[in-house]
Amino acid sequence: MTYLNDVGFIVKRINLGEADRFVTIFTQNNGKVEVLAKGVRKITSKRSSHIELLNLVRFNSIKTSKNFILTETSLLNSFEKRKDTLKQCEVSFLVCELIDNLCPQGQVNAEMFTLIGTFLRDGEFSDEAILKFETDLLTNLGYWNMKNKFSTEAESRQFIESIIERKIKSRVIGNFDTV
């Protein structure tokens with residue numbers, strides 16, 4: 001049996017059945033992995049609060065014939081100050097969506113892990129900071145040359161959407177003018 005013991009950011013959750021949930025975690029030592037959290041949506045689950053979006057968790061999982069099963073989690077940082085306002089929630093959803101769509105499954109990237117942690121811990125959520133994060137993310141993954149600069153956030157968004165071949169959903173949430 002293969003065990004997975006790592007630290008990572010929760011970037012995506014998908015409900016499965018009545019009590020289970022697939023969780024995508026961007027880890028420090030294993031890249032982006034998907035784990036099945038059995039029974040986590042039950043009221044009595046002790047792990048349910050740990051696997052909220054953008055929480056930094058230490059977790060253990062075991063590999064079955066199909067996928068990894070989450071066995072244990074402990075919360076390291078919830079970044080609760082980054083989820084206080086609607087704007088901060090929008091940026092948090094954007095970070096999750098970018099990581100999930102741009103980062104390949106299972107590819108280890110320690111610089112990316114550090115970039116995410118630094119942005120969430122120290123970064124401000126201004127438009128300039130978001131643009132810098134997007135540029136750093138694209139450069140780190142090899143999609144962009146750091147010598148070139150995006151002139152506007154719309155330009156970077158258009159470039160990202162051309163890579164993932166669909167619209168970014170999280171930026172529509174906070175844009176009430178287009179609704």
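A: Helix 3 passes helix 4 in a left-handed crossing, a term used when the near helix is turned anticlockwise from the far one by less than a right angle. The model is predicted, so local features need pLDDT of at least 70 and side-chain atom pairs pLDDT 80 or more, while totals for chains, interfaces and linings use all residues. Residues are numbered from 1 along each chain as its sequence is written, and side-chain values use heavy atoms, without hydrogens and water.

Helices (H or I, at least four residues) and strands (E, at least two) are DSSP runs, numbered from the N terminus. Helix 3 contributes Asp-127, Ile-130, Leu-131, Glu-134 and Leu-138 to the contact, and helix 4 contributes Glu-153, Ser-156, Arg-157, Phe-159, Ile-160 and Ile-163; contact means heavy atoms within 4.5 Å. By class, the contact has 6 nonpolar, 1 polar and 4 charged residues. Nonpolar residues are Ala, Val, Leu, Ile, Met, Phe, Trp, Tyr, Cys and Pro, charged ones Asp, Glu, Lys and Arg, and the others, Gly among them, are polar.

Strand 2 (residues 20-27) pairs with strand 3 in the antiparallel sense over 7 bridges, where pairing requires at least two DSSP bridges. A hairpin of 3 residues joins strand 2 to strand 3.
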